Amino acid sequence: MRLSNLADYAVVLMSAAARHCGAARLAEGRLNATKLAQETGVPLPTAKKLVSRLTAAGLFESTRGIGGGIRLARPPASISLADIVEAVEGPLAITSCTINGNHDCALESGCTVKPHWGVVNRTIRQALDDVSLASLSDLPSTHMSHRSPRMQARDGDERRSVASALDTNGIMAG
């Protein structure tokens with residue numbers, strides 16, 4: 001499994017935007033696709049396309065006109081890696097047969113693996129949900145009240161790696 005370049009660039013742009021949060025950085029001027037492209041090295045046409053998609057997904061807020069620009073729609077600690085990837089890629093699914101309403105696989109009727117893909121998808125989704133934009137941006141997560149419950153760190157044994165979760169659910173058992 002591999003993220004597309006667009007999803008990767010979206011994470012880069014969102015991370016750069018997160019570093020612009022706060023009064024001191026906002027005093028430097030409004031943020032826009034051009035500034036993000038210059039700061040990150042993402043080509044400007046790609047940055048514009050991604051800013052549009054991320055705005056449509058509710059991750060950016062935009063203001064048009066003189067003095068307009070973009071900003072994060074929520075605090076960085078409440079935006080997950082899963083949110084960003086889904087904004088660009090669509091629903092997270094390791095196979096298309098696990099997306100609701102999708103029945104385009106010729107093997108679906110007799111497939112014995114399909115029931116297991118849901119566990120894999122949920123495990124991958126949870127792993128991406130557990131990574132906040134704040135952590136990707138090297139921002140301190142001191143405002144834990146802004147984090148959604150799904151993104152709050154779990155204690156001790158409750159935190160499992162993707163591999164151990166797959167093994168626990170019988171997917172990787174030998």
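This is a predicted model: local features need pLDDT of at least 70, side-chain atom pairs count only at pLDDT 80 or more; totals for chains, interfaces and linings use all residues.
Student: Which residue of β2 does Thr63 stand opposite?

Tutor: Thr63 stands opposite Gly69 in β2. Residues are numbered from 1 along each chain as its sequence is written.

Student: What makes β1 and β2 a pair of strands?

Tutor: Two strands pair if DSSP finds at least two bridges between them, and strand β1 (residues 60-63) and strand β2 (residues 69-72) have 4 bridges in the antiparallel sense, so they count as a pair.

Student: How many helices and strands does the chain have, and in what order do they run?

Tutor: The chain has 8 helices and 2 strands, in the order α-α-α-α-β-β-α-α-α-α from the N terminus on. Both kinds of element are DSSP runs numbered from the N terminus, helices being H or I with at least four residues and strands being E with at least two.

Student: What is Glu61 in contact with, leaving aside its neighbours within four places in sequence?

Tutor: With those neighbours left aside, Glu61 is in contact (heavy atoms within 4.5 Å) with Gly69, Ile70, Arg71, Leu72 and Ala73. Glu61 and Ala73 are 12 residues apart in sequence, and their C-alpha atoms are 5.2 Å apart in space.

Student: Into which class of accessibility does Glu86 fall, and why?

Tutor: Glu86, which has its place in helix α5 (residues 81-89), has 28% relative accessibility and therefore counts as partly exposed. Leaving aside neighbours within four places in sequence, Glu86 is in contact with Pro91, Leu92 and Arg125.

Student: How do you know which word describes the angle between α3 and α4?

Tutor: Two packed helices are described by the angle between their axes and the distance between the axes. The axes are lines fitted to C-alpha atoms, for helices over the stretch in contact, and angles run from 0 to 180 degrees between N-to-C directions. Helix α3 (residues 33-40) and helix α4 (residues 44-56) pack at about 125°, with their axes 9 Å apart. That angle makes α3 oblique to α4, since angles under 35 degrees count as roughly parallel, over 145 as roughly antiparallel, 65 to 115 as roughly perpendicular and the rest as oblique. In this contact, Ala33, Thr34, Leu36 and Ala37 of α3 meet Leu44, Ala47, Lys48 and Val51 of α4.

Student: Why are α1 and α4 described as they are?

Tutor: Helix α1 (residues 5-19) and α4 pack at an angle of about 80°, with their axes 10 Å apart, and these two helices are therefore roughly perpendicular to each other. On the α1 side the residues are Leu6, Tyr9, Ala10, Leu13 and Met14, which meet Thr46, Ala47, Lys49, Leu50, Arg53 and Leu54 in α4.

Definitions and conventions: Side-chain values use heavy atoms; hydrogens and water are left out. Buried means under 20% relative accessible area, exposed over 50%, partly exposed in between (1.4 Å probe, protein chains only).
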